[in-house]
Amino acid sequence: MTDAPRPAVFLDRDGTINVERDYLSDPDQLELIPGAAEAIAACNAAGLPVIVVTNQSGIARGMFDEERFHEITARLGELLAERGARVDATYYCPHHPEHGGARYARACECRKPQPGMLVRAAREHGLGTTRSWIVGDSLRDLEAGAAVGARGILVATGKGAVQYASALERGAPPEHHVADLGAAVRLVLAGS
Ligand SMILES: [Mg+2]
Ligand SMILES: [Zn+2]
């Protein structure tokens with residue numbers, strides 16, 4: 001299909017919206033990063049679709065199941081709604097290349113840095129990825145965006161500071177790196 005013109009902001013979840021907990025597996029572990037809900041609300045107000053794209057290999061690893069993932073998604077939605085914010089859609093990859101047996105072990109196209117979740121979201125929501133942004137705390141997030149022409153912003157929350165340091169060491173720092181999702185959304189809204 002052709003690239004529809006409507007841009008979106010794709011957001012990683014763990015370490016970007018909510019505090020990173022290694023393989024978050026319980027709704028009670030959810031804690032919003034300060035300013036994250038307000039940033040998402042600002043996207044909502046600007047009419048910019050907010051699409052969460054999250055690797056959840058904890059499912060393939062047997063740490064929690066898809067039903068639990070959906071409970072976490074619902075709880076995150078409640079926490080955001082309390083602050084007037086809304087995610088328009090959530091896409092997740094339950095796979096892992098080596099773990100998960102017949103159901104989940106595969107070299108899929110959705111696990112970031114592969115762009116499959118963004119491709120599917122674009123198709124299902126009529127989004128133009130080349131005018132879109134992706135915000136995440138991992139270089140994998142930015143690579144997934146770059147694969148479909150989206151601009152990337154690395155946040156320093158979650159694993160972001162360590163990720164930035166390693167990118168710098170390799171002489172390939174991301175073009176955009178900011179403190180947190182609030183700062184990222186200010187950049188997005190200034191540039192859209
Ligand atoms: Mg993350
Ligand atoms: Zn996958």
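Predicted model: local features only at pLDDT ≥ 70, side-chain atom pairs only at ≥ 80, totals over all residues.
Me: Are D14 and D137 buried or exposed?

Reply: Buried means under 20% relative accessible area. D14 has 12% relative accessibility, so D14 is buried. D137 has 3%, so D137 is buried as well.

Me: Now to the other metal. Which residues hold the zinc ion (ligand 2), and why is its site called tetrahedral?

Reply: The protein donors are C93 (SG), H95 (ND1), C108 (SG) and C110 (SG), at 2.1 to 2.3 Å from the zinc ion (ligand 2). Four donors count as tetrahedral if all angles lie between 85 and 135 degrees. Here the angles among the four donor atoms are 102 to 119°, so the site of the zinc ion (ligand 2) meets that rule and is tetrahedral.

Me: How are the donors of the zinc ion (ligand 2) spaced along the chain?

Reply: Their spacing is C-x1-H-x12-C-x1-C. H95 belongs to the loop between strand 3 (89-93) and helix 4 (101-104), and C110 to the loop between helix 4 and helix 5 (116-125); this pair links distant parts of the chain, 15 residues apart. Both H95 and C110 are buried.

Me: What makes the buried residues of helix 1 line one face?

Reply: The buried residues of helix 1 are A36, A37, A39, I40, C43 and N44. Viewed down the axis of helix 1, they fall within an arc of 160°, so they line one face of the helix. They pack against strand 1, strand 2 (50-55), helix 3 (66-81) and helix 8 (181-191). Just after helix 1, G47 takes a positive phi of about 75°.

Me: Why is P173 called partly exposed?

Reply: Partly exposed covers the range between the buried limit of 20% and the exposed limit of 50%. P173 has a relative accessible area of 39%, so P173 falls in that range. P173 lies in the loop between helix 7 (160-169) and strand 6 (177-178). Leaving out residues up to four places away in sequence, P173 touches Y164, A167 and L168.

Me: How do you know what radius of gyration a compact globule would have, and what does the protein chain have?

Reply: The globule rule is 2.2 Å times the number of residues to the power 0.38. For 192 residues this gives a value near 16 Å, and the protein chain has 16 Å, so the two agree. Its C-alpha atoms fill a box of roughly 45 × 40 × 40 Å, taken along the principal axes. Of the 192 residues, 49% count as buried. The protein chain has eight helices and six strands.

How values were computed:
Residues numbered from 1 in each chain as written. Chains lettered and ligands numbered in written order. Heavy atoms only, no water. Donors = N, O, S within 2.8 Å, 3.2 Å for Na, K, Ca; no water. Tetrahedral: all angles 85-135°; square planar, octahedral: opposite > 155°, others 65-115°. Helix = DSSP H or I, 4+ residues; strand = E, 2+ residues; numbered from the N terminus. Buried < 20%, exposed > 50% of the residue type's maximum accessible area, 1.4 Å probe, protein only. Contact = heavy atoms within 4.5 Å. Arc of directions from axis to C-beta.
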